[in-house]
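Please examine the sequence and the structure shown below.

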Amino acid sequence: MVKSSLANSLQTCLGQRWTHEDFSDFTVVVEDVEFECHRFLLASCSGFFSLLLQSDMKENLEKKVILKNISKETFSVILNCIYKGEDGLTLDNILNVWHATHMLDIKYLFEECEHFILNNIDSLNYHQFFHHAKFLGSKAIISSTQQSILQYFEHFRTTQTFFDLSFEELHELIKDTNLNVSSENVVIDAILEWVNGYPKDNDETTRNMATPTVLNDTNEFPEYKSDTDSSFVDDEVSDLLLDSQLNVLDERKGKLSILLASSRLCVASEDYLENLLVHPLLTSDKNAFRLVKEVLLYHWKPQHHVSSLVSYRKCQDMCNVMAFVSDGNIFFYLLDEKRSCKMLHKSAGYTHLAAVNSDLFLCYSKFEKCSSSKNKSNCVQYEYFDVTTKSVKTLAKIINSSGSFFLCNQYLIFVSDCPISEKVIHIQNFNQNHIFLTIQTEPHAKAAFIHHECIFVSHDAHPDTELRVYSLQKQALVCVKKLPGPAENIVSFVDRGRTYMLQKNGNLWLVGYTGKREFDFKMVARLWNFFWNMYGAVCYNDELFLFGEFLTESGKKEFAPLPGLCDNIVIVEHDYYTQAVPMSVPRSAITKHQIYPA
């Protein structure tokens, strides 16, 4: 065990020897200042000096080396640290010392610089430290300053370091739910500026000055003076540099639609999006233009099925959840926190849920007298759950109804094996303006999902699945498809505008629309090789969340990855009494309620 008092005493003795230059056997020259040092100590602390002093190089033989690109003040701080253990790091010299320790390969002192920076990162210097950390390969500082970039993004987008970001770096930044902004309009503006290579409010003169410097280093590094007069730089070299910068800008324009898709376009204001459609970058990019147009459709028709686009950041008032019922309780699973929140306890045995945006509807069976008869009948009661007040209101009662129900646009859709239009005994309007629509299907439906203004209802055709597709506009059967695999517990999810269907045996299908009321199904992958009862699925921030019954540890290990679709599969196990459905709710409505682990 090293005794600290002995180590300190040894450090003091070394400092005294260096101060008096006793027994020095090597000279380091920095800016014409000679520092008398000791070979053994230099080689012990520095990888650079260790290699130099074991080589046949002239500097080793002459016992003198001249260091460039390091100031005498910086080298003096380093020697004081080595010989005396003095902490001479300040905000004024930290960058120079950090670079010097990297060049001289003094690992423990490099780490000491990192510790100093970690304790001194603030809203004014974080972007400078991030810039230098990338150059020096400091993972610790990169990670810490990235958190500051997320927090101070509106300032960061005004710095040259922002324009120097690679596409991959900006893409990860835009996707992050922790990005702190006053408005999503700010994020979209930043994307457009990065693609263009200059802020949007720059005048033409500033633009011409800014464009060639998009990828240049900032002048935060130690200055390097060239012996060549800049007025004599070859014109051909200058032209090549300009061509290179233009190529980079062209490459950035090709990434516009990807960056916009990773932003929260649906959260941007409607007026802003309308103006965005005439932006030169969008008028020249059909994919980006189509994406913004689809989001505007969401604003004009909020219940249009584009749930994959409606996601929120933690700084915004709304959050994304999956709603479900378990053991008489209504739960919300917070997707960005991966936690469950109990919202309401009620003894009613809810059997189905339906949700769109912030509206949640539930139903359960009850046995009661009908107004037209003295006898009791089985009645299904439909209720609206008010997330803000945590209360429920009766929406409708239907006699002898069974099956599932869904929401799409202005319709409450009932999937049943018998007509129910004449059995509605009670309807109450809460300014939801929903229209009741019955999809009558034979035989009994096993599951259903909505895609492309149609509802897909699965039936058992053992050992296969029969899918019946009904048009919501025409309220009629469109086509019938047969797929291998079980029909029950089918779930669907949307990712990047594409709808996927997942069967309980692990078969993943991509649902495509071929036109003329025809749909096709393309097998994407087999995610597992056993039967698993699922109750919901959603793709959120490049992760696929699957909600189902409890699995064995061996079962969890069988899940196959999905490259190109999601980075990770998250299994959310619960005793589900209903399906789990995606919706958005105010953050203020859930912060006061008990949070449960996933």
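How many of the seven residues of strand S23 (residues 534–540) are buried? Six of them are, which leaves the strand mostly covered; buried means under 20% relative accessible area, exposed over 50% and partly exposed in between, with a 1.4 Å probe and protein chains only. This is a predicted model, in which local features need pLDDT of at least 70 and side-chain atom pairs count only at pLDDT 80 or more, while totals for chains, interfaces and linings use all residues. Residues are numbered from 1 along each chain as its sequence is written, and side-chain values use heavy atoms, with hydrogens and water left out.

- Strands S23 and S24 (residues 543–548) run antiparallel and are joined by six bridges; strands (E, at least two residues) and helices (H or I, at least four) are DSSP runs numbered from the N terminus.
- Tyr-540 has Glu-543 in S24 as its bridge partner.
- Two residues lie between the strands of this hairpin, where Asn-541 adopts a positive phi near 50°.

**Sheet S19-S20-S21-S22**
- Four strands, in the order S19-S20-S21-S22, make up an open sheet with antiparallel pairing; two strands pair if DSSP finds at least two bridges between them.
- Strand S19 (491–495) and strand S22 (518–526) are at the edges with a single partner strand each, so one side of each has no neighbour in the sheet.
- Strand S20 (residues 498–502) pairs with strand S21 (residues 507–515) over four bridges, and Leu-502 is opposite Leu-508 in S21.

**Helix H7**
- Helix H7 (residues 107–118) has 12 residues and spans 17 Å from first to last C-alpha, close to the 16 Å expected at 1.5 Å a residue; the expected span is 1.5 Å times one less than the number of residues.
- Its buried residues are Leu-109, Phe-110, Cys-113, Glu-114, Phe-116 and Ile-117.
- These residues lie on the same side of H7 because they cover an arc of only 160° around the axis, the arc being that of the directions from the helix axis to the C-beta atoms.
- Among the elements covering them are helix H5 (72–84) and helix H9 (139–151).

**Cysteines**
- The structure contains zero disulfides, a disulfide being a pair of cysteine sulfur atoms within 2.5 Å.
- Cys-113 is in no disulfide, and its nearest cysteine sulfur, that of Cys-81, is 7.6 Å away; Cys-113 is buried, at a relative accessible area of 0%.
- For Cys-566, the closest cysteine sulfur is in Cys-539 at 5.5 Å, too far for a bond; Cys-566 is buried, at a relative accessible area of 6%.

Technical notes. Contact means heavy atoms within 4.5 Å.
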